[in-house]
Structure formats: structure tokens, C-alpha cells
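Colleague: I am new to this structure. Please take me through one part of it closely, step by step.

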Amino acid sequence: MKTALITGISGQDGAYLAQLLLEKGYHVAGMARRCSNPDQARARLRWLGIADEVEILDGDLTDLSSLLRLLTRVRPDEVYNLGAQSFVALSWQQPILTGEVTGMGVFNLLEAVRLSNLPVRFYQASSSEMFGKAQAPLQSETTPFYPRSPYAVAKLAGHWITVNYRESFGLHASSGILFNHESPLRGMEFVTRKITNAVAGIKLGLNQGLELGNLEATRDWGHARDYVKAMWLMMQQDSPGDYVIATGHSVSIRSFCEIAFRHAGLDYRDHVRVNPAFFRPAEVDCLRGDAAKAHQALGWAPQVGLEALAAEMVEADLHRLSRAA
Ligand code: NDP
Ligand code: GDR
């Protein structure tokens, strides 16, 4: 039986990845930060019905000693580094914390892997945000990076130190450059979930409107369940590498609003108001990924399209809010 250690187990991707690995017969250990309500770390795992099947252990990406202790105890075959301060907008409010967790955290974990001397395969959760002010209309592994936020700068450091440990120490370390991926487990502050949660609230008469920032930015959105499969596939390759994971389709926030509101029989124009307070100091205008390398080398392809993704999210929020009402 293989063992996996997942940092960021309490997040969206951590939950779906844990589910996938359990289905594949892994022992799954997850690292979570100490929190005053320990139940919180398992909320998403509970939603998927797997909370009791995952071993949760305390640790923090900013604390090298906790990482070393965890690795020595769990002795994983595969380490998936999903932990991060992942909210781009917050990274301008807390740039130093973002640098320490999202950037230096990767240095800490890689160093812990190296010092542990375990034959570990390592996955780093890199991001399409690294392309930022995109230097090509379709971004692939060879497109130059141009980060536009403290978050993206930190992710870039994490990406390059992953490449560097691979090249310096022969570590089986891969970097998945994942474009936006969403689900009913997406955090409420991210734009798709903010929208689907508002759609459900408006439909049920719980609230009236929705304030958003820039509606014209475009994103290449996929389903988180599809994307965690790509992470696992990277770890099964004989050689490590870097892979863009994306659908190849990009639509605006405005279009996502239109689709999500329409699913509930509503017109977004009656409910959405632009509030400049949600604009970012520097925006990433257009992201669209070219996942040809992943298709060819990993046999990976996304299964869920945007309409189905939005519908699943709206339905899940309707279900949750109608039970709470
Ligand atoms: P989430 O924000 O849902 O989850 C982030 C996880 O990181 C949470 O479990 C969080 O714990 C944990 N974390 C935060 N700070 C620390 C710390 N100091 N030490 C250890 N763990 C910490 O993100 P997603 O699941 O959406 O994303 C997973 C990873 O993939 C992230 O690294 C993200 O940046 C990256 N990514 C995500 C994409 C997406 O579209 N979802 C696209 C590309 C990359 P807690 O619950 O305690 O806050
Ligand atoms: P992103 O996701 O920054 O792409 O990072 P987010 O959903 O936060 O923003 C996407 C786009 O929507 C615009 N936007 C708003 N965003 C939010 N959050 N709230 C609003 O009210 C709003 N109005 C408009 C934003 O300006 C932006 O253009 C996500 C995270 O998961 C990262 O961790 C990950 O690395 C990238 O995706 C790929």
C-alpha cells in the first residue's frame, strides 16, 4: 500500500485528492495547521464522506521542524504540496505572510524531504497566475512568466525551487501549472463560488444582489476533481516534469455570471453590481492554457465543461442554503 502526505488537506484540492488516492488504495495522511476548532480541518473531507479515512496530523509550512517530524513519522511515497495562502486578492494585504507560506513554505518542505533522505516523489501546486500579464494568448510550459501579485511572485519562487531541487539533487519533483479549477468545495471568497452562492441566495429569497469587481477578466476554468487526477498522474511518471493543466477555453467573469444565473432561471443583469472596491491593484486580464503536453505524456483530459461545472456548483449551494433556511 502506498502512502501519500498532502499539505493543504483542509482545502478544496486536498479533499478531492484525498478522495482519489483513497479510491486507489493509498494510506492518506494530511497536514493541517493547528486551529481552535479542529473540526474545521475536516469539513470538506466530511462533505465527501471520507473524514474518518484520512489521518490528520499537525504541521505548518513555515515550521521546518514540524515538516521533518511529519515526514519521518509518515514515511510517504508521495508528497503533494497543496498548502498555501491561495487567495490572490489577500496577497496585497498580507504580502509577507503570503511570501512565507506560499513561497518559503516550498523551500521548507523540499529541504525537509532532502534532509529526511526518503525516496519521496514530490508534487508542487504551481499556478497559471505565474503567467500573469500573459506573454502569449495561449500559455504553455514554455511561455515566459510575468507574475502580477505577491501571490504569483511567491508561487514563482516555489516553482523554480522545485525545478532547482530536481536538477540539483535528482529529486522526483514535479510542478503542476494548474489553471483555475472550481467545485462546490471552492472557498467562498473566490469569484465562481461567490457567484454561485449568491445565485442560490437570490433564488431562495435570502438576499437581493451581488457586488463584484472586474467582470471583463477571463479565466480558463475546469473542475477540481479532474485536476487532482493530473497531479496523481504526474507522480506516476518515471521522470518528473512540469505540466500545464487547463481546458483550453477561457471566458469572462461576466459570462460565468450569465451561465450561473441562467441555470437558476435568473438574469445576472438584474442582480450584479460592480463595486470598484473589488478591483485588484494589478489585474491578470486573460488566461488560457495549452495542456497539449499533459494530453500526450499523461493521457490527461478534462471531463467536465463549464456549463456542467456552474450547474453543479449552483445546485450544491441551493441544496445547502435551502437546508439551512
Ligand atoms: P485552498 O485555499 O482551498 O487550500 C489551501 C490549503 O493550504 C488549506 O488547507 C490551508 O489550510 C492550507 N494552508 C494555508 N496556510 C498554511 C500553512 N502555513 N501551513 C500549512 N498549510 C497551510 O486552495 P486550493 O485547494 O484551491 O488550492 C490548492 C493549491 O493549489 C494551493 O497551493 C493553490 O495556491 C494552488 N492552486 C490552486 C488553483 C485553483 O484554481 N484552485 C490553481 C492553481 C494553483 P487552512 O484550511 O487552515 O486555511
Ligand atoms: P484567481 O481567482 O485570482 O484567478 O486565483 P479569483 O476567483 O479570486 O478571481 C478570478 C477573477 O475574478 C475577478 N473578480 C473577482 N474575484 C473575486 N475573488 N471576488 C470578486 O468579487 C471578483 N470580481 C471580479 C478577479 O479580479 C480575477 O480576475 C485563483 C486561486 O485559486 C489561486 O490560488 C490560483 O493560483 C489561481 O486561481 C489559478
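This is a predicted model: local features need pLDDT of at least 70, side-chain atom pairs count only at pLDDT 80 or more; totals for chains, interfaces and linings use all residues.

What distance separates the centres of domain 1 and domain 2, taken over C-alpha atoms?

Modeller: The centres of domain 1 and domain 2 are 27 Å apart, taken over C-alpha atoms. The contact draws 19 residues from domain 1 and 14 residues from domain 2.

Domain 1 covers 3–182 + 222–245. Domain 2 covers 191–219 + 249–287 + 304–324.

Now the contact itself. The size of an interface is often given as the accessible area lost when the parts come together. Between domain 1 and domain 2, about 1,400 Å² is buried. Carbon and sulfur atoms give 58% of that area.

Next, the charged pairs. Side chains of opposite charge can pair when their charged atoms come close. Two salt bridges are counted between domain 1 and domain 2. Arginine 219 also deserves a look: this residue forms a salt bridge with glutamate 129. Their closest N and O atoms are 3.7 Å apart.

Which elements of domain 1 face domain 2? Strand E10 (222–223) supplies at least two residues of the touching side, and helix H7 (224–236) also supplies at least two. By class, that side of domain 1 has eight nonpolar, six polar and five charged residues.

Turn to the ligands. Ligand 1 is surrounded by 24 residues. The closest are Ser10, Arg33, Ser86, Tyr151 and Lys155. Aspartate 60 places a polar side-chain atom 2.9 Å from a nitrogen atom of ligand 1. Leucine 82 uses its backbone instead: an N or O atom there lies 2.9 Å from an oxygen atom of ligand 1.

Ligand 2 has 22 residues around it. Ser86, Ser127, Tyr151, Arg280 and Glu283 come nearest. In the side chain of arginine 280, an N or O atom is 2.6 Å from an oxygen atom of ligand 2. A backbone N or O atom of glutamate 189 lies 2.9 Å from a nitrogen atom of ligand 2.

One polar side-chain atom of arginine 186 lies 3.2 Å from a nitrogen atom of ligand 1. A polar side-chain atom of arginine 186 also lies 2.9 Å from an oxygen atom of ligand 2.

Finally, step back to the whole structure. It holds 16 salt bridges. One joins the side chains of arginine 254 and glutamate 216, at 2.5 Å from N to O. Arginine 254 sits in helix H8 (residues 253–263), and glutamate 216 in the loop between strand E8 (210–212) and strand E9 (218–219), so the pair ties together parts that are 38 residues apart in sequence.

Terms used: Residues are numbered from 1 along each chain as its sequence is written. Chains are lettered from A and ligands numbered from 1 in the order in which they are written. Side-chain values use heavy atoms; hydrogens and water are left out. Domain bounds come from an automatic or database domain assignment. Contact means heavy atoms within 4.5 Å. Buried area is the accessible area (1.4 Å probe) that two parts lose on being put together, summed over both. A salt bridge is a side-chain nitrogen of Lys or Arg within 4 Å of a carboxyl oxygen of Asp or Glu. Helices (H or I, at least four residues) and strands (E, at least two) are DSSP runs, numbered from the N terminus. Ala, Val, Leu, Ile, Met, Phe, Trp, Tyr, Cys and Pro count as nonpolar, Asp, Glu, Lys and Arg as charged, and the others, Gly among them, as polar. A residue is near a molecule or strand if one of its heavy atoms lies within 4 Å of it. A polar contact is a pair of N or O atoms within 3.5 Å; within protein, one must be able to donate a hydrogen and the other to accept it, and residues adjacent in sequence count only if both atoms are side-chain atoms.
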